[in-house]
Amino acid sequence: MLERLGTFGRYQITQVALLFCGNLTIAFHVLNFVFIAQEAKHQCTSTELVESSDSDVVYGQCHGNIVNVSTNATTTTQCVAWKYEPDRLRSIVSEWDLVCDNVPFSRLPQTMFIVGQGIGALVFSILSDKFGRRPFLLLSHSVTAGVGVALAFSPNIQAFTSMKLINGVFQQGIVVTSCTMWLELFPRRRRMDIVFIQSISWCACLLMLTLVAYILRYNTWRTLQLVLSSASIVVVLQIIFQDESLRWLIANKKDDKAIQILYKASRFNCVDVSNVIPQVTAFTETTGDAPKPDTNKIPTVIHVSRYTVLDAVKSMFMLKISIIVWLSWLVDSLTYFSLYLTSSSLADDFYLNFLLNSVAEVPTAPLYWLISKRLGRRKFFMIFHIVSGVCLLLATALKLLAVGVAASSGATALAFVGKIGNAACFASMFTYVPELYPTNIRTVGLGGGSTAARIGAAISPFTSLLASAISWLPGTIFGVGCLIIAGLVMMLPESQGRELPETVEDIQSWPKKPNTCTSMPAT
């Protein structure tokens with residue numbers, strides 16, 4: 001049915017454009033914390049003890065040394081007020097004095113945001129499988145927009161942290177619903193094409209975020225938060241034009257609604273609806289209506305097998321898949337977000353570093369499109385986890401053991417290549433994981449993996465603290481973790497050239513059956 005409707009007609013292009021708007025919102029809400037919580041140069045200006053006229057004071061970043069002139073005695077005391085460079089209102093760190101002993105509070109909002117993402121991934125994956133993708137996409141997008149605006153008016157760090165938790169829950173509702181809708185919009189032979197488009201759109205969103213943040217670099221963090229949250233206005237277009245997933249409607253016997261969308265899509269694509277649904281005559285030119293079809297004769301796209309959430313871990317076969325998926329996504333997410341949040345991971349300039357991290361994602365789409373359809377998903381993940389692990393370990397060693405411009409440039413180049421490998425694996429998990437789960441727990445499988453990813457992401461804001469204490473340890477953890485995952489992914493089934501599975505038995509039978517590759521590249 002999806003083949004007969006046309007592959008890249010006006011209807012599909014419209015739906016993809018609306019889902020791209022979701023990507024824009026996701027990028028602006030996930031990574032805006034990098035800019036609104038920038039580190040601030042600070043200097044103590046006042047301490048707990050009152051300085052007297054017969055004392056000299058030497059101020060540091062977090063303490064003050066008060067030297068009594070007559071006795072030459074020195075008293076070290078805690079700082080209670082600071083001055084900042086640049087402007088105090090440029091970051092939540094400087095506005096709310098989240099420095100020195102208060103540094104952990106500067107990382108807490110992003111950690112709570114990621115905890116919220118984990119909750120949202122579990123909740124909305126289950127709800128969207130049961131009640132449909134579109135309602136929870138629109139709900140999540142609307143609440144995310146409202147909370148994003150409210151964050152700009154936070155009176156203190158406590159209110160800010162609480163709202164970031166809510167923001168994370170509903171932002172993840174956008175992720176799990178839109179990612180599933182991307183895949184379900186197209187037939188199997190075009191699956192890799194849509195993954196390519198999705199990856200490129202994500203890279204475009206990151207570059208747009210970098211540009212907006214750089215243009216507004218001299219404004220307050222509240223202004224930047226408002227501007228980035230304004231991207232969520234596109235939810236109005238989604239409310240009007242975004243349709244429910246046809247696969248979900250037909251799988252759940254919502255035939256009347258599916259027929260309405262098929263008529264709409266046929267008109268958009270200038271396709272005779274009788275070619276899409278043979279049992280239905282074409283709509284009349286005078287009224288634009290069509291006789292009500294016999295819904296019992298509607299060709300099915302998905303044959304439903306009833307599963308529950310527990311089926312993702314009930315058998316040893318599915319438990320092995322789930323554990324490897326969880327570990328892989330945890331390590332990839334920890335590495336991915338840590339490289340963004342550690343401002344000196346690629347270059348010393350803050351905005352240049354973020355730009356390099358964003359540019360590193362651009363090759364991921366063509367690499368996955370070219371390599372995975374030749375070698376398969378599994379070998380792709382093994383190769384790029386090895387590339388990422390080796391390059392990050394070498395970059396860490398070079399920074400630690402060598403000095404000079406050449407060593408610094410070499411370490412940056414290796415870290416950049418490692419970032420490409422990590423980004424390729426992390427982004428492609430959104431495609432590979434849904435292919436490893438049956439239809440009725442597909443979004444649950446995606447949500448479970450995404451929840452594991454949030455654990456890694458929740459830890460990532462604190463890697464900069466670890467790097468300040470032991471500079472070589474974060475890179476070593478990332479590199480070794482990637483190499484371990486490279487070995488584990490070879491235990492996963494190969495989904496190359498396979499239809500999306502309907503049952504666990506379908507997945508188990510893959511090694512026994514040749515794939516369905518034809519003259520068309522397998523996707």
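**Surface and burial.** I began with the accessible surface of the protein, which comes to about 21800 Å², and 66% of that area belongs to carbon and sulfur atoms. The model is predicted, and I read every value below with that in mind. I then looked up burial: 54% of the 523 residues count as buried.

**Secondary structure and contacts.** I noted 22 helices and 4 strands in the protein. For contacts with a separation of 6 or more, I found that 75% are between residues 24 or more positions apart.

**Nonpolar cores.** Which residues touch the most other members of the largest nonpolar core? I have F35, I92, F160, W329 and Y437, in a core of 101 residues. Helix α7 (residues 157–184) supplies the largest share of this core, 9 residues. I also noted another core of 6 residues lying apart from it, with A121, F124, V169 and V176 among its members.

I followed F35 further. Setting aside neighbours within four places in sequence, I list L209, A213, L224, F350, Y351 and F354 as the contacts of F35.

**Disulfides.** I found 2 disulfides in the structure. With the bonded cysteines numbered in sequence order, I wrote the pairing down as 1-3, 2-4.

The sulfur atoms of C44 and C79 are 2.2 Å apart. This pair links strand β1 (residues 41–47), which holds C44, to strand β4 (residues 74–85), which holds C79, over 35 residues. I checked burial for both: C44 is buried, and C79 is too. The torsion about the S-S bond of C44 and C79 is about 110 degrees, so I recorded this disulfide as right-handed.

C62 is joined to C100 by a disulfide with an S to S distance of 2.0 Å. C62 sits in the loop between β2 (55–59) and β3 (63–68), and C100 in the loop between α4 and α5 (103–131), so the bond ties together parts 38 residues apart in sequence. For C62 and C100 the S-S torsion is about -90 degrees, so I recorded the disulfide as left-handed. I have C100 as buried because its relative accessibility is 17%, under the 20% cut-off.

I looked up two further cysteines. C205 is buried at a relative accessible area of 0%, and C391 is buried at 11%.

**Salt bridges.** How many salt bridges does the structure hold? I have 3.

R222 pairs with E95, and their closest N and O atoms are 2.8 Å apart. I placed R222 in helix α9 (residues 221–229) and E95 in helix α4 (residues 92–95), 127 residues apart. E95 counts as buried, at 18% relative accessibility.

D243 pairs with K264, with 3.1 Å between the closest N and O atoms. I placed D243 in the loop between α10 (235–241) and α11 (246–251) and K264 in helix α12 (residues 255–269), 21 residues apart. Is K264 buried or partly exposed? I have K264 as partly exposed, with a relative accessible area of 25%, whereas D243 counts as buried at 11% relative accessibility.

E435 pairs with R377, the closest N and O atoms lying 2.9 Å apart. The two are 58 residues apart in the chain, with E435 in the loop between α18 (405–432) and α19 (442–459) and R377 in helix α17 (residues 377–401).

Technical notes: Residues numbered from 1 in each chain as written. Predicted model: local features only at pLDDT ≥ 70, side-chain atom pairs only at ≥ 80, totals over all residues. Heavy atoms only, no water. Core = buried A, V, L, I, M, F, W, Y, C linked by side-chain atoms within 4.5 Å. Buried < 20%, exposed > 50% of the residue type's maximum accessible area, 1.4 Å probe, protein only. Contact = heavy atoms within 4.5 Å. Salt bridge = Lys/Arg side-chain N within 4 Å of Asp/Glu carboxyl O. Areas by Shrake-Rupley, 256 points an atom, 1.4 Å probe, with all protein chains shown as cover. Disulfide = S-S within 2.5 Å.
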